[in-house]
Number of protein chains: 2
Amino acid sequence: MAIQDIRVVIVGAGIAGLKAASKLFEQGVQNCVILEARARVGGRLHTVEGYKGRKYDLGASWHHDTLINRLFAEEAELSRENDPRFVFDDDKVVLIDEHRGRLDYDGDLKLEIILDEFIKSIELEFNQKLGVPDSPYKSLVLKYIFEKRRFLTDDQIRYLPQLARYVELWHGIDWEILSGKDSCYTNQGRNAFALNYESVVNRIANTFPQEWLKLSTPVTSINRSRDVIVTTEDREYHCDYVIVTVPQSVLALSLKKDKKPGRIEFNPPLNANIQEAFKYAHYGSLGKVVFEFAECCWSKETTRIITLAHSDADFALKARQAGNWEQLVEDTVSIDNSFTAWKFPLLFVNLAKSTGVPSLVMLMQEPLTQHIESLPDRKAVFEFFRPVLDKLMVTMGSKPVANGLSGSSVAKGSAKDAPMLKNIIATNWSREPYSLGSYSACHPGDDPLTMVTAMMAGQDSRIRFAGEHTILDGAGCAYGAWESGIREAEYVLEGPSPAPPGMIV
Amino acid sequence: MAIQDIRVVIVGAGIAGLKAASKLFEQGVQNCVILEARARVGGRLHTVEGYKGRKYDLGASWHHDTLINRLFAEEAELSRENDPRFVFDDDKVVLIDEHRGRLDYDGDLKLEIILDEFIKSIELEFNQKLGVPDSPYKSLVLKYIFEKRRFLTDDQIRYLPQLARYVELWHGIDWEILSGKDSCYTNQGRNAFALNYESVVNRIANTFPQEWLKLSTPVTSINRSRDVIVTTEDREYHCDYVIVTVPQSVLALSLKKDKKPGRIEFNPPLNANIQEAFKYAHYGSLGKVVFEFAECCWSKETTRIITLAHSDADFALKARQAGNWEQLVEDTVSIDNSFTAWKFPLLFVNLAKSTGVPSLVMLMQEPLTQHIESLPDRKAVFEFFRPVLDKLMVTMGSKPVANGLSGSSVAKGSAKDAPMLKNIIATNWSREPYSLGSYSACHPGDDPLTMVTAMMAGQDSRIRFAGEHTILDGAGCAYGAWESGIREAEYVLEGPSPAPPGMIV
């Protein structure tokens, strides 16, 4: 086992780790190493190539909160008209119901107006009084409907719950396990779609010496004596500081004894604050499926299309007859645990509108993500989503999808101008050992502040943390991770000099 | 001069005064009088009758913030399907530009998305740091455009300022004199259009003995000795408490020496806190014009239609060339002070959609309101708005307006299916001595809290205030005034019993 003395070890070459390294080098630190378990940099920022060289981000793909996002501000400075680094893609949302077709801005349905009021009612629920207990997002939807049913039409009662579920595609988890308290944020400005995040990642990864970067090098343990000792398969790094940027899901493995890939053994174990924080923190599984077509033969009216989950025709009647909202919650518990595409709201990003690429990028949520990511092949993924995809295409002025996946015989009678599916790309985040899902998410009763506070305090003065789960502004976002990398680099730069021999601080 | 001993005098029979009386009677107070200067109750709630018995509210006409509005909750309890007391009328807003026609949800223009971002930027401007100095709303619009011009298209730059001016129709004042800090609230739930407010007013006015009510009885002075002495033309009321509910605009007259109708002489004068508060408080002039047609021959697509003010075709160029945002503000200062209909954003409430009545209720703002309210007759009002009205009609699928006002000869060649204007009703709030405008509004540098705090503290323990300007939640709204009436009634009920002889508290 080789031993190497080093000033700072960074665990993980996601955007938090890369930015921390960049900042340290910029400020004169000469002696640093980034240990990355994967064979690539970027972590949960991952751009892949598809049909005819089209590029997609399977991880984060937007710059959120662009009014306050400093990473975005940097990108904006670099963007050129002939070489744009992002595109603002917020626009109207098309809403599609399996049976009724388009629901957006029906002059009588006015679902968007009701949704706004519902969201405001959540805000009032938790902000008017302190100490209101959390409940699942689904309960809040049904409670609102029960309480306001006099002021809602049957169709509003029927479709609002399904529209309200759009937040699942933000949080990456189903409405039954989503914290009501944490469900609705306000965006701080428009969202900008990155073209693509690999250019962001590579730009930052090129700002420090390339020999700092050790790919395919998982860390197995972090031991604290006077120094910090970070151990990999064949080496011990004795350092002043370590910045641990592994995902919250991977850090959680350290709390258990089971040996799993990615698990880091902490010695002494993670401190009591951190252990406590994990009781009030969860992790979601936003997943994506990219449907690549030969050409666009559907409407370029909008970028965002949501297909709503199936709604019960008797739901309005149930809501009007219910004696209390808890009863309504019970009435809507599904006993059928099978997976079908119309059981979940799905967000389709219509790249044909925003970037001109004839592909749809579909976002899905836990537990659907795990199901889809476990399917054996592209064909199975296609067959799963085909009913929704066909409805979407027909609603958007096209014909149903023609299967042009390699190995498929194109169905006879499929019209010439039907959208010809050439390829499918699906994520695998929930099964990859170094991600185990997408990003932090709150279940009912969780407290995002507890985790952030514990992470910011660190394991001790030498063992530090960065990443999307360690910061409040930008939590769950690329720019939040990036900011946390700056924060920890600054901590190291401004921090106490190494302790004198024999003293552990 | 007759002298009368009484427990409580209420000055003003608007909804604040009526509700205070109602509450006092309900709680057993037997000895109360309401002195109202006008010959009617309701104050700035005023329902009038027009063509063929159609009814309109010339003052407040909505229940705002219906998630938290307790007055609305009462009305909702009383509403019946066959006798509705309100209608939720929020829906999509149609935006009309003089030259370009409809601007709403143009897939490329996306003005509503940009407006949302701009509003969020104001929130960030004032909430991220303390002590940020206020500036006119117009400056904030131009500052946003200057700073974000890279991210905005020419058309977005051109039309956003005109769309952003929609807030003028909330505050009742022009964007140049509107406080940026106070410009954008969030609604607490949908708005419900009252059918009509006279039923609200009459309901409350019937909950106490009718002999309490003295109409056409202006108060001339309020003197404080051991008792409070409220003087009218022919009587002195010696009372324990007086609740003064006159509008802020009328109360302001008490600070000056000039004898004007409605002015109340306070002796001793209004206290230092109140005098100070008036330095940071203003009053607006929202006005209305009702256009009554024989039949509806325009689109019932939406309730709300905004005609945008004229925009400068060179504005985007100016914004891109400006060296700083202050220069952009200077560039857009108009030197032409004449009034034309296309110089102001106007909100048309399309009653044909919400209540089925073929009338448009137009909202306007200071200084346009004062100009319109000074016009000699309906014909002049019609001619002033005719260009906008015709554009609106044509854009909404109709023909230009045919003048069918009594005394007009219907223009030859006016098509059979053109909307036939039968009557115009305009407000007169800015010229009525007992209102002098519409409701409180903030100019740059104003502080709404100072006035509310001073009003809630009262002149002293016996001379109290109620009304829309005396409360924070519901400021400027009917329900805010109503809540303030409850507050002051409760103060009287729970307050100290009358002071012993010789002592002034």
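1. In helix α5 of chain A, the buried residues are A:Gln156, A:Ile157, A:Arg158, A:Tyr159, A:Leu160, A:Pro161, A:Gln162, A:Leu163 and A:Ala164. The model is a predicted one. The helix spans residues 154-164, and because 9 of its 11 residues are buried, α5(A) is largely enclosed by the rest of the structure.

2. What covers these residues? The cover over the buried part of α5(A) includes strand β7 (93-97) and the helices α3 (111-127), α4 (137-148) and α10 (315-321), which belong to chain A.

3. A:Leu103 is placed in the loop that runs between β8 (101-102) and α3 of chain A. Buried or exposed? The relative accessibility of A:Leu103 is 1%, so this residue counts as buried; the cut-off for buried is under 20%. Leaving aside residues up to four places away in sequence, A:Leu103 touches A:Leu95, A:Asp97, A:Leu109, A:Leu111, A:Tyr159 and A:Leu308.

4. Chain B has an open sheet of 8 strands with mixed pairing, in the order β8-β7-β17-β18-β19-β16-β21-β20. Its edge strands are β8 (101-102) and β20 (402-403), each of which pairs on one side only. At the β8 end, β7 (residues 93-97) and β8 of chain B pair in the antiparallel sense over 2 bridges. B:Asp97 has B:Gly101, in β8(B), as its bridge partner.

5. How many aromatic pairs are there over all chains? The count is 36. One pair consists of A:Phe151 and B:Phe88: the ring centres are 5.5 Å apart and the planes stand at 70°, so the pair is edge-to-face. The angle cut-off for that class is over 60 degrees. A:Phe151 lies in the loop between α4 and α5 of chain A, whereas B:Phe88 lies in strand β6 (residues 86-88) of chain B, so this pair joins two chains. Both A:Phe151 and B:Phe88 are buried.

6. Ring pairs also link A:Phe72, A:Phe86, A:Phe88 and B:Phe151 into a cluster. This cluster, too, has members from chain A and chain B.

7. Two arginines of chain B have their charged ends over rings. That of B:Arg190 sits over the ring of B:Phe88, 3.9 Å from the ring centre. B:Phe88 is also the partner of A:Phe151 in the edge-to-face pair. The charged end of B:Arg462 sits over the ring of B:Tyr241, at 5.1 Å from its centre.

Notes:
Residues are numbered from 1 along each chain as its sequence is written. Chains are lettered from A and ligands numbered from 1 in the order in which they are written. This is a predicted model: local features need pLDDT of at least 70, side-chain atom pairs count only at pLDDT 80 or more; totals for chains, interfaces and linings use all residues. Side-chain values use heavy atoms; hydrogens and water are left out. Buried means under 20% relative accessible area, exposed over 50%, partly exposed in between (1.4 Å probe, protein chains only). Helices (H or I, at least four residues) and strands (E, at least two) are DSSP runs, numbered from the N terminus. Contact means heavy atoms within 4.5 Å. Two strands pair if DSSP finds at least two bridges between them. Rings of Phe, Tyr and Trp (its six-membered ring) pair if their centres lie within 6.5 Å; planes under 30 degrees apart count as stacked, over 60 as edge-to-face and the rest as tilted. A charge sits over a ring if NZ of Lys or CZ of Arg is within 6 Å of the ring centre and within 35 degrees of the ring normal.
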